[in-house]
Amino acid sequence: MTRKKRSRAGCLLAMGLAAALFLASCGSQNRLMFGTGGTAGTYYSFGGVLSQYMTNFAGVKVTAVSTGASKVNIESISDGDYQLGFAQSDVMTYAWNGTRLFESSGANRDFRVLGALYNETVQIITMDDKIQSVSDLKGKSVSIGATGSGVYFNAVDVLKAADISLDEIRPQYQSFEDSKESLKDGKIDAAFIVAGAPVTAITELATTNGVKIVPINGTTRDRLLADNKFYAAQTLPAGTYPKQNDPIETVTIKATVLVSKNLDLNTVYKLTAAIFDHSQDIARENAKGKELSVSSATQGIDIPFHVGAAKYYAEHGVIVKSEE
């Protein structure tokens, strides 16, 4: 091959590689992976519905995948494996500040907020009629979630607000499913469950075993809200669960959708619109869709929103803190 032909071949090869890289880059914007949670949870089922609407109305293919939820989703967005993901509002705060779940790995700021979608209620369940308040948990066997989980830190926060240390209870580090079974079998006195209410498993226990929700209120709730900005007060209406005749005061965090900071403004704007412009249709497919609103999506969030989401909210009369 002559030098001229070799030069031409090299040029064509370089052009081909450039074209491939360009197409790959375009493809990364047109096919997005959405990290949700376990297949039995709300993140996965609701994420599947949201993915359908984003695919249909945002001009991108969004695929919901089952994951280990909040922390895994944040890390996977950082690694570039996912472009969207669900996270509890408290866990995303830990990531942003490099605390608790992210203390060893350090701060992670590769994500931005698309919006808070629904409440994840902190619920303390028991079958012991003597447990009437958080203070009554002292000396009891209490499931506080798997070690290092989001539920674990929620439990620690609530107990601290009630002036109870882990040394003053008999902590059990159990998953949601194990907590439910242990409570039913009388192996524990109470359990912390953090999820959107009503929770099917709690409804089943309330029906068959007479489980009740312990309120988080008064001074305990005041201290909790003052020390942790990602919590908000919530009241569970009477009838949320079987045999629950009165409203119950408690607290909530928010199930939030995060996006990669590398997604472009137009894509995130369309993803946001695909959700909130079709909230009524989404609500017909998943009960959590009833909580979708621009107001709720933007309240109580101190982590920056993506500029694309901020543009959508501004057009609907709400200004939020955003960052590229």
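Visitor: What joins the side chains of Lys180 and Glu177?

Guide: A polar contact of 3.2 Å joins them. The term denotes a pair of N or O atoms within 3.5 Å; within protein, one must be able to donate a hydrogen and the other to accept it, and residues adjacent in sequence count only if both atoms are side-chain atoms. This is a predicted model, in which local features need pLDDT of at least 70 and side-chain atom pairs count only at pLDDT 80 or more, while totals for chains, interfaces and linings use all residues. Residues are numbered from 1 along each chain as its sequence is written, and side-chain values use heavy atoms, with hydrogens and water left out.

Visitor: Why is Lys180 called buried?

Guide: Lys180 has a relative accessibility of 13% and therefore counts as buried. Buried means under 20% relative accessible area, exposed over 50%, and partly exposed in between (1.4 Å probe, protein chains only). Lys180 lies in helix H6, residues 176-184; helices (H or I, at least four residues) and strands (E, at least two) are DSSP runs, numbered from the N terminus. Leaving aside neighbours within four places in sequence, Lys180 is in contact (heavy atoms within 4.5 Å) with Ala201, Glu204 and Leu205.

Visitor: What makes Ser78 partly exposed?

Guide: Ser78 has a relative accessible area of 29%, so it is partly exposed. Ser78 belongs to helix H3, residues 70-79. Not counting residues up to four places away in sequence, Ser78 touches Asn108 and Asp110. The side chains of Ser78 and Asp110 are joined by a polar contact of 2.5 Å.

Visitor: Which backbone feature marks Ala69 and which marks Lys243?

Guide: Ala69 has a positive phi of about 75° although it is not a glycine, and Lys243, also not a glycine, has a positive phi of about 65°. Ala69 is in the loop between strand S2 (61-65) and H3, whereas Lys243 is in the loop between strand S9 (232-236) and strand S10 (248-260).

Visitor: Are Ala69 and Lys243 buried or exposed?

Guide: Ala69 counts as buried because its relative accessibility is 18%. Lys243 has a relative accessible area of 65% and is therefore exposed.

Visitor: How do you know that the peptide bond from Ala197 to Pro198 is cis?

Guide: Its omega is near 0°. Pro198 is placed in the loop between strand S7 (190-195) and helix H7 (200-208).

Visitor: At what angle do H2 and H9 pack?

Guide: Helix H2 (residues 42-57) and helix H9 (residues 265-276) pack at an angle of about 120°, with their axes 8 Å apart. That makes H2 oblique to H9. Angles under 35 degrees count as roughly parallel, over 145 as roughly antiparallel, 65 to 115 as roughly perpendicular and the rest as oblique. Axes are lines fitted to C-alpha atoms, for helices over the stretch in contact, and angles run from 0 to 180 degrees between N-to-C directions.

Visitor: Which residues of H2 and H9 meet?

Guide: Leu50, Tyr53, Met54 and Phe57 in H2 meet Leu271, Ala274 and Ile275 in H9.

Visitor: Why are H9 and H12 called oblique?

Guide: The axes of H9 and helix H12 (residues 307-315) cross at roughly 50° and come within 7 Å. H9 and H12 are therefore oblique to each other.
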